[in-house]
Number of protein chains: 2
Amino acid sequence: MAAEETGKCSEAYPMKGGDGPSNYAKNSIYQKGVIDAAKELLNKAIAEKLDMETFSSANSFHIADLGCSVGPNTFLAVENILEAVLFKYQSRGPNCQIPEFQVFFNDHTSNDFNMLFNSLPQNRQYYVAGVPGSFYGRILPDASIHFFHSSFSLHWLSRVPKDVTDSNSPAWNKGRMHYLDSTDEVVRAYEAQYAEDMECFLHARAQETVHGGLMVLATAGYPADTPPSHSLANVTYQILGSCLIDMSRKGVVSEEEIDSFNVPIYYVCPRELEAAVERNGCFSIEIMEHLPTVMEPDTISKNSKLFASHMRAAMEGLFKQHFGEEILDELFDLFHKKVEEQHSAFESGKAGDIFIVLKRKAN
Amino acid sequence: MAAEETGKCSEAYPMKGGDGPSNYAKNSIYQKGVIDAAKELLNKAIAEKLDMETFSSANSFHIADLGCSVGPNTFLAVENILEAVLFKYQSRGPNCQIPEFQVFFNDHTSNDFNMLFNSLPQNRQYYVAGVPGSFYGRILPDASIHFFHSSFSLHWLSRVPKDVTDSNSPAWNKGRMHYLDSTDEVVRAYEAQYAEDMECFLHARAQETVHGGLMVLATAGYPADTPPSHSLANVTYQILGSCLIDMSRKGVVSEEEIDSFNVPIYYVCPRELEAAVERNGCFSIEIMEHLPTVMEPDTISKNSKLFASHMRAAMEGLFKQHFGEEILDELFDLFHKKVEEQHSAFESGKAGDIFIVLKRKAN
């Protein structure tokens with residue numbers, strides 16, 4: 001038996017719940033953009049890769065969304081999946097038995113499940129279950145899920161790599177909050193953490209997925225032909241980092257606080273993701289593509305306020321835990337101003353988010 | 001497809017969440033007593049009535065607790081069930097494959113699922129899912145649950161019977177908050193609501209239970225040989241009602257507010273429960289017994305404070321919704337005093353909670 005605790009421990013930085021103006025539900029436009037961009041790819045994946053024979057004996061079709069947060073994006077993603085699966089069933093002819101659907105909404109235990117449950121779509125055509133716990137460990141029974149989905153959650157590492165906060169380690173990430181523009185040692189520490197996390201993730205999902213079942217993941221990435229330092233993410237973290245340094249000059253945060261702060265987010269390139277799937281061995285890669293760019297560099301500079309709100313909704317849990325709630329307004333106001341001033345910096349930044357469809361091998 | 005909304009609508013009076021001194025988790029001693037008292041009966045039910053052949057092909061064994069509230073009693077009940085089921089598997093010999101367990105915790109959408117998830121036992125041997133929605137409608141897929149459990153939830157009607165709040169109806173329950181000491185018309189309105197609710201409950205569960213699966217219910221009741229007006233519940237509601245009348249004399253609540261207030265709780269006798277199960281036709285009654293008395297009348301008068309806290313934790317949602325939060329302290333302080341003064345009234349009161357084990361017929 002493997003309940004959540006027997007999996008790897010994992011840190012949680014929940015998206016902002018509640019219904020205030022800076023909550024995640026109202027500021028996850030970027031994430032919604034990703035879901036919209038992925039819809040066409042999702043339809044294609046289900047149409048071409050979902051093997052209906054595998055599920056024909058099942059009473060009900062089970063979908064799980066990993067890292068669902070509080071909605072509404074998770075509901076939109078589930079609707080897209082359901083529509084495509086239903087279409088596939090219906091296209092088999094009028095005598096085809098349409099199954100019932102059960103959707104498992106997963107996120108960390110600290111996620112605001114009350115808000116999620118209270119905002120469920122009224123006209124939904126599926127049964128709902130909330131599953132608390134880190135997806136880096138086991139969260140569901142063996143072979144219980146036909147379709148896994150995760151949109152923009154798997155780029156969150158289970159933890160900050162240990163060495164990057166250790167002042168005695170060559171991988172100490174002094175003065176920086178991320179690995180993208182850091183030393184080789186820091187980059188390697190992040191790479192190793194990602195590899196370990198993906199091993200846990202794929203190992204757990206391999207057990208939980210029905211043989212022949214699909215797993216569709218959208219995750220932060222960068223194009224194979226671009227050095228990670230040229231990514232949009234790097235520009236963003238450099239600006240956020242410079243805000244913290246400005247604030248340390250004013251005495252709002254200390255140098256030690258900055259030295260010990262690191263963002264546990266990883267940007268993967270297609271080759272590296274492919275290698276992780278192959279090492280695990282239980283899934284075949286059916287589709288792997290870059291997602292269309294959701295926010296072009298010039299869109300960011302023209303919508304700096306929206307971009308700052310998005311960053312705040314997604315990341316304030318992390319900043320709050322380390323620096324305290326009182327710095328948040330100042331930090332993200334400053335970030336907004338700097339994004340506006342430095343819009344040319346975004347123009348060279350490249351995004352390369354990855355959409356991947358895996359199928360559970362019947363080994 | 002039947003998601004929650006397609007079932008009957010149902011009102012929710014959530015047990016008190018949060019972690020304050022009067023929350024449900026800290027004041028559900030009575031409910032814990034029921035679970036302790038039911039443990040032996042539960043063991044017997046599983047040992048004698050659970051048909052292992054029915055489940056031998058299942059990957060995992062699915063348990064659902066209906067009306068779970070926020071814990072910890074639901075965890076205790078689940079542990080009891082799991083222990084007894086595991087024992088039964090293990091007694092089949094060392095080669096018997098032990099399944100994985102998945103537990104579906106169900107309660108109204110307004111239940112504090114965040115608190116439930118944050119207080120899950122660390123060493124649990126099961127996967128967790130929270131299922132929001134009224135158990136008077138469908139909440140789970142067809143034939144997906146092997147073992148249903150519900151302890152002291154099914155005595156909550158889905159709503160106050162409509163006629164008892166209608167001043168033009170012969171069933172108008174003027175000046176009283178319950179049916180136990182009321183007119184025949186009011187009693188019949190409550191009976192009809194219970195019959196309708198049980199029809200919905202059993203219809204939904206019949207679809208959701210695996211053929212051969214068990215459903216174990218503990219519910220508020222009264223002994224067959226005692227008129228309902230002699231029940232412990234009646235004494236309790238009469239005292240609570242007299243508190244409200246005292247408060248209306250002081251102008252804290254109005255007479256109209258009292259006239260329109262009714263407690264949607266029903267006390268069933270064994271014969272009536274049996275009739276409901278037979279009308280539904282999908283379950284056989286395997287065991288039906290009265291639960292041992294958890295709180296003897298003299299215990300109540302000696303522990304009036306505890307008893308008042310218990311009543312408050314279980315019922316304040318209902319009072320708050322109708323009269324407003326500001327009356328709660330005064331009401332339950334007064335109730336505590338009156339229970340202390342009128343302890344002799346409890347001595348003639350009889351409890352007769354019912355424990356029933358149903359098996360899904362393989363029709």
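Q: How many salt bridges does the rule find across the interface of chain B and chain A?
A: The rule finds 2, a salt bridge being a side-chain nitrogen of Lys or Arg within 4 Å of a carboxyl oxygen of Asp or Glu. One of the pairs is Glu100(B) with Arg138(A), whose closest N and O atoms are 3.4 Å apart. This is a predicted model, in which local features need pLDDT of at least 70 and side-chain atom pairs count only at pLDDT 80 or more, while totals for chains, interfaces and linings use all residues. Residues are numbered from 1 along each chain as its sequence is written, chains are lettered from A and ligands numbered from 1 in the order in which they are written, and side-chain values use heavy atoms, leaving out hydrogens and water.

Q: And how many residues are in contact there?
A: 36 residues of chain B are in contact with 36 residues of chain A, where contact means heavy atoms within 4.5 Å.

Q: Changing topic, is strand S7 of chain B mostly covered or uncovered?
A: Strand S7 (residues 354–360) of chain B is mostly covered, with 7 of its 7 residues buried, that is, under 20% relative accessible area (1.4 Å probe, protein chains only). Strands here are DSSP runs (E) of at least two residues, numbered from the N terminus.

Q: Which residues point each way?
A: Ile354(B), Ile356(B), Leu358(B) and Arg360(B) point one way from S7(B), and Phe355(B), Val357(B) and Lys359(B) point the other way.

Q: Which residue stands opposite Lys359(B)?
A: Ser284(B) does. Strand S6 (residues 283–290) of chain B runs antiparallel to S7(B), joined by 7 bridges.

Definitions and conventions. Buried < 20%, exposed > 50% of the residue type's maximum accessible area, 1.4 Å probe, protein only. Helix = DSSP H or I, 4+ residues; strand = E, 2+ residues; numbered from the N terminus. Pairing = 2+ DSSP bridges.
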